[in-house]
Amino acid sequence: MDKVYISQLHVETIIGVYDFEKESKQSLYFDVEMLTDIRAAAESDDINLAVDYAKVSEDIITHTTAKPVELLETLVEQLAALILKNYNVTQVKIKVSKPAAVPAAQTVGVEITRVKDI
């Protein structure tokens, strides 16, 4: 299986459990890996047969900024479901980092892997 990926996609959004987190935007960084078969796209040189990482990136940004959630866990589950539903991928791994969450840490975050139900 082949992999299409997005690395360090930056999104500014409202996210968090605490009141102070709901008052201003924070930076999130996404790393996304999507398993797919790229041969048809490669043979035809047709973007319509590929997993368009620009569109996936737009979807992540739009979803992340549209309706704030409190937990990173909620957000990555929603994004994984969206990607598996809307794109020709069999598996998605999403890692989201929230660098300002813990002052003593460079970053914290959540990483999940989800497989499309067949």
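Modeller: In this predicted model, Lys-22 has a relative accessible area of 38% and is therefore partly exposed. The side chain of Lys-22 meets that of Glu-70 in a salt bridge, at 2.7 Å from N to O. Because Lys-22 belongs to the loop between S1 and S2, and Glu-70 to the loop between helix H2 (53–66) and helix H3 (72–86), this pair ties together parts that are 48 residues apart in sequence. Glu-70 also counts as partly exposed, at 40% relative accessibility.

The structure holds seven salt bridges, and another of them involves Lys-3 and Glu-33, whose closest N and O atoms are 3.4 Å apart. Here the partners come from two strands, Lys-3 from S1 (residues 2–13) and Glu-33 from S2 (residues 26–36), so parts that are 30 residues apart in sequence are tied together. Lys-3 is partly exposed at 47% relative accessibility; Glu-33, with a relative accessible area of 28%, is likewise partly exposed.

A further salt bridge joins Arg-114 and Glu-77, with 2.4 Å between the closest N and O atoms. This pair links distant parts of the chain, for Arg-114 is in strand S4 (residues 108–115) and Glu-77 in helix H3, 37 residues apart. Arg-114 has a relative accessible area of 31% and is partly exposed, and Glu-77 is partly exposed at 36%. Finally, salt bridges that share partners join Lys-3, Glu-33, Lys-93 and Glu-111 into one network.

Methods: Residues are numbered from 1 along each chain as its sequence is written. This is a predicted model: local features need pLDDT of at least 70, side-chain atom pairs count only at pLDDT 80 or more; totals for chains, interfaces and linings use all residues. Side-chain values use heavy atoms; hydrogens and water are left out. A salt bridge is a side-chain nitrogen of Lys or Arg within 4 Å of a carboxyl oxygen of Asp or Glu. Helices (H or I, at least four residues) and strands (E, at least two) are DSSP runs, numbered from the N terminus. Buried means under 20% relative accessible area, exposed over 50%, partly exposed in between (1.4 Å probe, protein chains only).
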